[in-house]
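Visitor: I'd like to know how the labels on a model like this one get assigned. Can you take me through some of them, value against cut-off?

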Amino acid sequence: MGRIFSPSSLLGVSSAWLVYLYFSPLKSYVSQFTGNASLSGWIIFITTLGLLLYTFWRNIWTYMLFAWYCFIVPLGDTNDQKARLDKFYQGQAQVYDQTRSGLLRGRKTMLSMSAAHLHLLREGNPEKRLIWVDIGGGTGWNIETMDLYFPISSFDAVYLIDLCEPLLQMARRRFEAKGWTNIICLCQDATEFSLPEWSDGVHPRGSVSFVTLSYSLSMIPSYHSLLDVVDYILDPQDGLFSVVDFYTAGKEPSPHEKAIGGDSKKCGWLSRWFWQIWFDFDHVDLSPGRRNYLEYRFGTIKSFNGRNGFIIPLIVRIPYYIWLGCSRDRDPALHPRRRAQHKLVLEGEKICDGSPGSVNSSSDTLTDGQGEDAPMSLNLATTAGGVAAVGGGPPVLGVNVEESGVGMPLIGTKPKNAFYYHIASPWRMPYLESPIHSEFRTFIYSFTWEDPAKDLDYLDIGPKDTVFAITSAGDNILHYAINARPGKIHTVDMNPCQGHLLELKLASIKALSYPTFFSMFGTGFLPTFRTLLSSQISPFLSSAAFQFWSVNANAFNSSFYLRGYSGWALRIAKWLFWATGMSGEVRRICEAETLMEQDEIWRRSLRKVFVEGQFVRWLVNNPVFLWNALGVPQNQKKAFTDEGTVHDFIKDTLDPIGSHALLSRGAYHYLLCLMGCYTPQSCPDYLTRRGFDALRANDGELMNSISVHTDSIVNVLGRLDANSVTRAIIMDHLYVLSLDEEVHQFRRVLPSGGVVMWRSAAKLPWYNSVFEQAGFIVTPLGIRTGPCKAVDRVNMYASCWKAVKP
């Protein structure tokens, strides 16, 4: 049934007709149904009723066909794959797409992500031939849908390969209706297929730019041979391989497996065994071996593990994954910075023993007794004698195993992690998950509290400097890049989610327009984020960051800044304004045009809530709130309570703000806390048009100076060369057990004249002496001296210090 006469179309037509009858002048006909109905009135009534009944019947009949062929009709001879597929799909081919839309989840996302990567390939090399092979593509739904993201006319050729003739017939009709002439449907075995261009002189090795397997890898029995064939034909440097399918996985992935694509991969035992048994009835294999070999045979670029709850959400959840990869022969030498970053984490890592058998396609030697000019089809299934086994039919391309390496195990090797092959952007440093990472379910800070303008005033950072700083939400890191343009910025955070957030900001600057980017991180509201994530942002995100933001794609459905642990503080503030009737005063102070007006509003109304009120004082005394909402540990709280009361600290922090800087013209930290969003006139520099354009200029040169580390400060410093950092900004971090080792490492990586800067909730923090004992010269940069004295636009810290290595 074509699109025009699909059940959904008929339902829409029927509904529209009924609405028209009611609201148009012809609604008088409706009244005739109960009275003196004219002939035309009865015709309209019967036609409408007939359309509704027909639509209902078509929907019921569609799913009756689906249930009949999927659950009732015997499959027949299970040894003949083609006969089994033809029998299974013969009667349901015409309703296949209608009945799989909810079951085969992730196909659009896979195609959208693939298209985004292909756009980058096309931009980088517009003259390169673009060949797509869709294996197990069935009715051609993938190809038709791909046209929404990447024009089919942009491909030099598209080949749909499937063993089921009834589905291919639907595909041919679909493509004929579209008028596409660059698509060829081939009814062939996926492990032995032959592209027509190979008979025309094109060598098969590395001749294909793009390969897809959409819910077909789990249905092909000889998957080892299939994946070996794909690796053989895939362009080793620029080729893209994309898979979406069901899966199951039992054991907890190792840190290395998680770095490949194991985050959220494990399935519960009930889910694992139920779905394997259930799908096995239809000869669909969900055992872990297929995906394990896929991830071993190829380099992983992106991996997402999801659950399909289309039948009964939260209860019936089928595990599925989306995977984008490339040849393991892709040469990172074209991107030397990525190679160097990869070595920082994986240098010295033990090479795994007993890796699964694989293929080393390192040779181009091909022998068929006739030379390399007449390849006809490809079969890499090897015999004991070491030569490709060939079935009947036309001449085939033989492959000498000993010369080409096909079928030979990669002894003592294992696939590198996804960071290694992610070369579209160089920001995220590779990391292996450690037990402490599981303590962070999300980011603590959705925004950065410190005042970066003061950092630059204090440190005089320039292009020759290398900066070491804590990641937090990344706002200050981007401020340094825009305004100081240091040669290198190392940003460090133990919480991987903070790194995911900074990655998202960098990727979005690279991929999106300024208005869209400001909607995302300025107003915190971008309802199209899920679509943009896969179609535009994904090529610039590491696999780990993509997995995180795919799971949290609703973060921009409402105010983004109400997310994360710090978002709870903003939520409480919003509730407090409502409960005290101060919402109007909050709006007025955020719109004030003068400091006098702003300070008057503060002292007249808001001060009663924040300084004089007992509720805020109770919150600041609550250790659970301090840590979970503000990220303040107990020993940091003790630093300021040893010098005074909680009330004194709140008063000294907030009282100067009203007269120090306008919220509406630059004091954006408190504007965000009060309003839940930024404005174009008051926002961090990266959200201004000037800052955005500076970060995008010269192909993102300023952003490319940023390396995002996910580890402890001590570990990251330990991997950096001596005398390689000139400026270090470590916020209020120095409440750690490893402080002595940390200070020692700072002394090692800083040259003479190098500076470490920190802030403290205490006016005279105890740890200053640790730097002094290590030989640093410690001096204050700013100390709160009175109740009306602010050290910067935030004034959250009582003092700021620097230590200079002599």
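Guide: Start with the elements: helices (H or I, at least four residues) and strands (E, at least two) are DSSP runs, numbered from the N terminus. With that numbering, Arg 485 is found in the loop between α18 (475-483) and β9 (488-492). Bear in mind that this is a predicted model, where local features need pLDDT of at least 70 and side-chain atom pairs count only at pLDDT 80 or more, while totals for chains, interfaces and linings use all residues. Residues are numbered from 1 along each chain as its sequence is written, and side-chain values use heavy atoms, with hydrogens and water left out.

Visitor: Why is Arg 485 called partly exposed?

Guide: Buried means under 20% relative accessible area, exposed means over 50%, and partly exposed is in between (1.4 Å probe, protein chains only). Arg 485 has 44% relative accessibility, so partly exposed is the label. Its phi is near 50 degrees, a positive value in a residue other than glycine.

Visitor: What makes Asp 699 exposed?

Guide: Its relative accessible area is 59%, so it counts as exposed. Asp 699 is found in helix α32, and its phi is positive too, near 60 degrees, again in a residue other than glycine.

Visitor: How do you know that Pro 527 counts as exposed?

Guide: Pro 527 comes out at 53% relative accessibility, so it gets that label. It is found in the loop between α20 (514-521) and α21 (529-537). Pro 527 and Ala 555 are 28 residues apart in sequence, and their C-alpha atoms are 9.1 Å apart in space.

Visitor: Why is Glu 503 called buried, and what does its side chain contact?

Guide: Its relative accessible area is 1%, so buried it is. Glu 503 lies in helix α19 (residues 496-511). A polar contact is a pair of N or O atoms within 3.5 Å; within protein, one must be able to donate a hydrogen and the other to accept it, and residues adjacent in sequence count only if both atoms are side-chain atoms. The side chains of Glu 503 and Arg 428 make such a contact, at 2.7 Å.

Visitor: What makes Thr 688 buried?

Guide: Thr 688 has a relative accessible area of 18%, so it is labelled buried. It lies in the loop between α31 (668-675) and α32 (689-700). A polar atom of its side chain is 3.0 Å from the backbone nitrogen of Gly 691.

Visitor: Why is helix α22 described as largely enclosed?

Guide: Because 7 of the 9 residues of α22 (residues 543-551) are buried. Among them are Phe 546, Phe 548 and Trp 549.

Visitor: How do you know that β2 and β3 pair?

Guide: Two strands pair if DSSP finds at least two bridges between them. Here 5 bridges join β2 (residues 157-162) to β3 (residues 183-187), and the strands run parallel.
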